[in-house]
Structure formats: C-alpha cells, structure tokens
Amino acid sequence: MGANTSQVSDLSENQSLHTLIGTESISENDPFWNQLISFTFISPTNSGDSKLLEEAVIPLAKILIENNPRTGNFGALVRIFLGRTKELKISTECQDQLFIWQAHNALFMIRCLLKVFIREMTEEELHLQFSYQERAPGTCDAGSEDLLEELMCNLVHLVVEVPLLDITYSILFEAVTTMLVLLSYQLFHKDILRDGLIYQYLMKGRCLSLTSRLVKTLLYNFIRQEKCPPPATHIFEQHSEGGGLFYGLASGVASGLWSVFTLGGAGSKPGLDQEQNPLPLSNQSLLLLLVLANLTDGPNGCPNPYRQAVTCFKNTQDTSSIPTEQHHTFQINFNSLYTALCDQQRSDQATLLLYTLLHQNTNMRTYMLSRTDMENLVMPILEILYHVEDRNSHHVYMALIILLILTEDDTFNRSIHEVVLKNITWYSERSLTEISLGSLLILVVIRTIQFNMTRTRDKYLHTNCLAALANMSAQFRCLHQYAAQRIISLFALLSKKHNKVLEQATQSLRGTQGGDDSSVLPDYAQDLNVIEEVIRMMLEIINSCLSNSLHHNPNLVYALLYKRELFEQFRTHPSFQDIMQNLDTVIGFFSQRLEIAGTDLSVERVQEVIMKGAQALPKERLKDVLCSRVG
C-alpha cells in the first residue's frame with residue numbers, strides 16, 4: 001500500500017504508510033492523500049498469501065491505534081474515501097476509471113485496518129477511532145457527524161446504487177467485504193449482540209430504508225455469478241517522471257484482492273482456494289446476505305428487516321399486488337435464482353441460502369416444487385451427501401434438511417420416480433446406466449446411513465435420513481433393483497447389529513450375576529432401544545411401500561422374499577408384532593405362489609410370478625399402517 005508498493009514485503013518499509021500511521025496530523029487537503037491511494041498492489045490469490053498480508057498489516061495498524069488519538073489520520077482517510085464516493089455514480093457513467101480506482105484503494109486500506117481494529121478493541125473504542133479529529137488532536141468533537149455510521153450508510157448506498165461493470169467490480173467487492181468485516185464483532189462475543197452500534201445502524205439507522213434494495217442487489221450479485229474482470233490490460237501507465245505510480249487494475253486491483261480476509265465457510269479443504277472462490281463478488285454478496293438475514297431480532301421484539309425481505313420477496317412474473325402489511329418486500333426473477341441455486345451447491349453458504357428459502361419463503365418454495373426439472377436441484381444435494389466424508393457436518397445436515405422439506409410434498413415424491421437419469425458418473429459403488437431420480441435418492445440416503453453407522457454414529461443423522469425415506473415411502477414407484485436390494489441390506493445390517501448388542505448384553509448380565517457391578521447394563525439397554533427404534537422405522541418404511549404401492553414395486557418384493565429369513569426373529573418380538581403382520585402376509589402370499597410355480601425357477605420366472613401375484617393380492621388383506629411423516 002502507498003504509492004510505490006508492489007508486494008507484501010514492501011509494507012513495513014513503505015514511507016507513505018509510515019506517514020499515515022505516524023505522529024503527525026495530515027490535513028485532508030494535503031497532496032499526500034492522492035499519492036497514498038494511487039498504488040498498485042500485487043495482492044494475494046490464496047489464503048496463505050492473505051495471511052502473510054494480514055500479518056504485515058497488524059504491526060502497522062497497532063501503531064496507528066496508538067497514534068490516531070493525537071493525529072486523527074484514520075478519520076481523515078475515511079473522509080477521503082467518503083469524498084471520493086460522492087461522485088462514484090457519475091464517475092461510472094463517465095468511465096472515470098482513475099477516480100474509481102483511487103476510491104477502491106482507499107476502501108481497501110480502510111478494510112485492512114478495520115480487521116485489525118475490530119480484533120483489538122470494543123465497538124465503543126472503534127467508534128472513538130473514527131471520532132478523533134485533526135484539528136483537535138487527542139480529543140473528540142462531540143458535535144461532529146458519526147463517521148462510523150456515515151461509512152456504513154455510504155457502503156450500503158455504494159452497493160445498491162453503483163452498477164456492476166468491469167470497472168466497478170473491485171470497489172463493489174470491497175464495499176461488501178468491508179460490511180462483512182464490520183459485522184464480524186459477533187465472532188469475538190459469546191453473547192448475541194443486540195445493542196452494538198453497527199447492529200443499531202443497520203436495524204434502526206439511515207440504512208433501514210434501503211433494506212429491500214440491499215437484499216435484492218446482493219441476491220442479484222449471487223444470481224449473476226460474475227467473474228472478476230481479467231487483469232490483462234494496464235489501464236493506467238506508470239508516469240516516467242516523479243515517484244507517483246498510476247498503475248492500472250492490471251496486476252493489482254483486479255488480480256485477487258477479493259481473497260484477502262475472506263470469511264469463507266467452515267470446514268473447507270486446504271488447497272482449494274482457486275476452485276472454491278472463482279466468483280468473489282457473488283460469494284461475498286451471499287455471505288453478507290446470510291449474515292444480515294440471520295441477525296437476531298431487536299430487544300423489543302422488533303423483527304429483523306433483512307430476514308423479512310428474504311422471506312417475503314416474490315417472483316417478477318407474479319402480477320398479484322403485494323400486501324401492504326409486508327414490509328421490505330420486492331420482486332426478483334425466480335427462474336434466474338433457481339438456476340443459480342442449482343449451479344452453486346458446492347458451497348455450504350449456497351446450500352444454506354437454499355435451505356433458508358425453502359424453509360421460510362413460501363413463494364420460492366411453491367415455485368421450486370412446481371418445477372419440472374427438479375433433478376437439477378436434487379442432484380447437487382445428493383452429491384453433497386454422497387461425498388459425506390469430504391464435507392463438513394453443517395453442509396451435510398443442511399442437505400438432509402433440504403431433502404426433508406422437499407419430501408414433505410407428495411407431488412415431489414411421485415414426480416422423482418418419473419425422472420429417469422442415465423450414467424451417474426459420481427456414483428462409484430455400482431454402474432448406474434439408467435435409474436430414476438427417486439431410486440438414486442434412496443441409494444444415497446441409505447449410503448449416508450451406513451457411513452454414519454460405521455463412522456460418526458450420530459443418532460440425529462440416522463433419524464433425519466430415515467425420516468426422508470419415511471416421507472417418500474408411500475410414493476415409492478418402480479424401485480430400481482439395486483435400490484430395493486439396498487433397502488433390505490440396510491435392514492440386514494441393523495438386524496446383525498441388534499443381535500450383536502443383545503448378545504453382549506446377555507454376556508454382561510451373566511458376568512455380573514453374583515456381583516455388584518451392573519453399571520454397564522443400562523448402556524446396553526439404551527443401545528438396544530436406539531437400534532430397535534431404527535429397525536421399527538425401517539419396517540414402517542417397507543410396510544408403507546407394500547401397503548400403498550406393492551404392485552408398482554416388484555423388485556422390492558423380490559428382495560424381500562430373497563432375504564425372508566431376516567424377518568423371522570422379529571415376528572414374535574413385542575416391539576414389532578403389529579408392523580410385522582403385513583410383511584408376514586406378503587411373504588406368505590408370494591412364497592405360496594412360488595411353491596405352486598415349481599422349483600428351480602429362473603430370475604425372470606420369479607419376477608413374472610411376483611408381477612402377477614401383485615395384481616392378485618387383495619388390498620384388504622394388508623392393514624393400513626401409516627408411516628410417520630416428518631417435516
């Protein structure tokens with residue numbers, strides 16, 4: 001930073017920066033400021049280099065914290081930036097790239113300093129750093145404007161009013177990222193911040209009137225998925241004389257400033273920076289939107305206006321009038337938003353937005369469920385679950401909850417069995433040349449359950465996976481042979497685990513007879529209860545399918561008959577007797593028909609017998625045992 005800076009190693013020796021953080025006040029009219037913000041910085045393009053930059057800035061920022069009460073230079077830098085932004089919209093229309101470039105540089109410096117300030121001081125102390133004035137070193141001018149609020153409001157205005165073009169991309173990114181930095185105070189506090197200055201500025205201050213425009217702009221930034229303009233051309237050439245450098249956006253502004261101090265999602269794998277953040281403004285806009293939407297409501301029950309905006313917006317094609325009681329609402333193109341959501345589920349923040357909209361925005365949920373191309377949305381969610389070992393737990397849980405919400409809808413549960421997919425390349429356990437979306441969903445959820453049983457052993461993950469299958473079970477149609485096999489195989493795995501725990505409990509009971517140590521027995525009892533609860537859910541899922549759509553699922557009947565001995569031990573078990581009646585009926589009915597058909601039957605002949613038998617089995621012979629629906 002500073003006029004002649006080109007890399008991180010230069011920062012500690014840069015004369016302009018030392019003047020800024022030094023002990024002398026600098027007038028806002030001093031030519032120094034033009035020199036300071038006319039720089040090209042070869043900025044980091046990965047998290048490692050970003051950390052190096054942060055480490056280089058920390059000692060400089062700490063010196064400024066010490067000297068700023070006497071100089072007011074930080075406030076002067078902020079006012080220099082605010083002065084530049086007043087003309088930004090006109091500068092954009094006039095293609096005044098020099099003006100935009102200098103405003104960007106000033107904001108970049110402010111953001112780098114703020115990140116250190118916020119980590120080192122309270123909001124009240126930060127407010128003081130903005131208040132120190134040049135004309136009265138070491139004191140505050142109580143009658144002056146609130147410069148911190150002015151900066152926040154200015155950033156909001158900048159984001160909503162300056163159009164997104166190649167020449168404005170970097171400054172819009174800086175504005176969004178600086179707002180994220182200002183909102184990062186919550187990271188350093190266990191208690192929810194309801195009374196903070198920055199919170200109040202956004203909830204009650206001058207920013208409030210721009211709530212819907214800000215949310216809409218951030219959503220459109222996410223939708224547009226604009227890449228950073230290529231840093232291939234120097235817009236400003238270096239002057240041959242003098243020390244000032246007017247370099248272009250070439251190797252500096254446009255070559256990766258976005259990656260400095262990004263607030264990416266938890267659990268990202270190292271070494272994937274480039275792959276995970278190719279769309280910096282889109283990603284940062286989404287993060288800011290989620291932070292704003294998840295701010296807590298006010299202390300007096302005043303609802304979060306940004307959450308209201310996220311949960312109430314409507315489709316641009318919806319011609320109905322907006323109810324007057326809905327505050328901060330607006331219209332947006334649902335088709336464009338749906339497409340962006342389908343394309344971006346690799347990131348946990350995009351999955352969180354999808355969950356938020358499905359859960360809280362009824363307009364968007366209705367629209368998504370009405371789409372005839374739901375596979376475009378469901379397939380990325382299934383990929384998240386399939387690669388569970390590569391994802392953080394939050395991402396996996398959000399994907400599961402999204403499936404739970406979708407499977408609450410019977411139309412969705414029917415339609416996914418009508419969508420036929422070909423050659424699923426990412427499913428490696430078995431070649432799937434042709435399978436319905438519904439059968440693939442079942443396979444992936446069962447695989448997640450089995451992964452959880454052997455690795456994480458999370459009871460709630462089990463419950464949510466089984467709940468999604470339970471929601472779908474009555475609508476199972478034409479299950480793929482492999483999906484039917486996996487359902488029964490999962491039951492076999494659970495049965496084996498049940499027997500193992502039962503055996504261990506019995507052995508422990510024998511070992512403690514005549515002794516006092518019976519403390520281990522309650523643990524086995526608890527394990528048995530959990531396993532039996534899961535087994536019952538599996539039996540309910542199978543029963544629900546047989547009761548509602550037996551004639552549509554010959555492959556499940558085939559798998560059931562092939563492994564009929566698995567169910568013998570549960571026929572007389574008091575926890576399963578009621579649910580086993582239908583299974584007994586089905587197994588007995590088809591076993592009898594197969595005996596009549598003869599011995600040494602081919603697979604094709606068995607399937608033929610099952611198909612005819614499914615049409616012949618009277619429905620009234622099956623009890624209507626409903627599978628518990630979960631939402």
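Is Phe589 buried or exposed? I looked up its relative accessibility, which is 9%, so Phe589 counts as buried. (Buried means under 20% relative accessible area, exposed over 50%, and partly exposed in between, with a 1.4 Å probe and protein chains only.)

**Entry 1: ground rules.** I noted that this is a predicted model, where local features need pLDDT of at least 70, side-chain atom pairs count only at pLDDT 80 or more, and totals for chains, interfaces and linings use all residues. Residues are numbered from 1 along each chain as its sequence is written, and side-chain values use heavy atoms, with hydrogens and water left out.

**Entry 2: aromatic pairs.** I found 14 aromatic pairs in the structure. (Rings of Phe, Tyr and Trp, the last by its six-membered ring, pair if their centres lie within 6.5 Å; planes under 30 degrees apart count as stacked, over 60 as edge-to-face and the rest as tilted.) I looked at Phe491 and Phe567: their ring centres are 4.6 Å apart and their planes are at 15°, so the pair is stacked. Phe491 lies in helix α23 (residues 481-512) and Phe567 in the loop between α25 (554-562) and α26 (577-597), so the pair ties together parts 76 residues apart in sequence. (Helices are DSSP runs of H or I with at least four residues, numbered from the N terminus.) Both Phe491 and Phe567 are buried.

Next I checked Phe589 and Phe590. Their ring centres are 5.2 Å apart and the planes are at 85°, so this pair is edge-to-face. Phe590 is buried too, with a relative accessible area of 1%. I also noted a cluster in which ring pairs link Phe313, Phe330, Phe334, Tyr338 and Tyr367.

**Entry 3: α26 against α27.** I followed Phe589 and Phe590 into the packing of α26, where they meet α27 residues together with Arg593, Leu594 and Ala597. On the α27 side I listed Arg605, Val606, Val609, Ile610, Gly613, Ala614 and Ala616. (Contact means heavy atoms within 4.5 Å.) α26 and helix α27 (residues 603-616) pack at about 130°, with their axes 10 Å apart. (Axes are lines fitted to C-alpha atoms, for helices over the stretch in contact; angles run from 0 to 180 degrees between N-to-C directions.)

**Entry 4: Thr178.** I placed Thr178 in helix α9 (residues 169-182). Its relative accessibility is 0%, so Thr178 counts as buried. Leaving out residues up to four places away in sequence, Thr178 touches Leu107, Arg111, Leu114 and Leu155.

How values were computed
Helix = DSSP H or I, 4+ residues; strand = E, 2+ residues; numbered from the N terminus.
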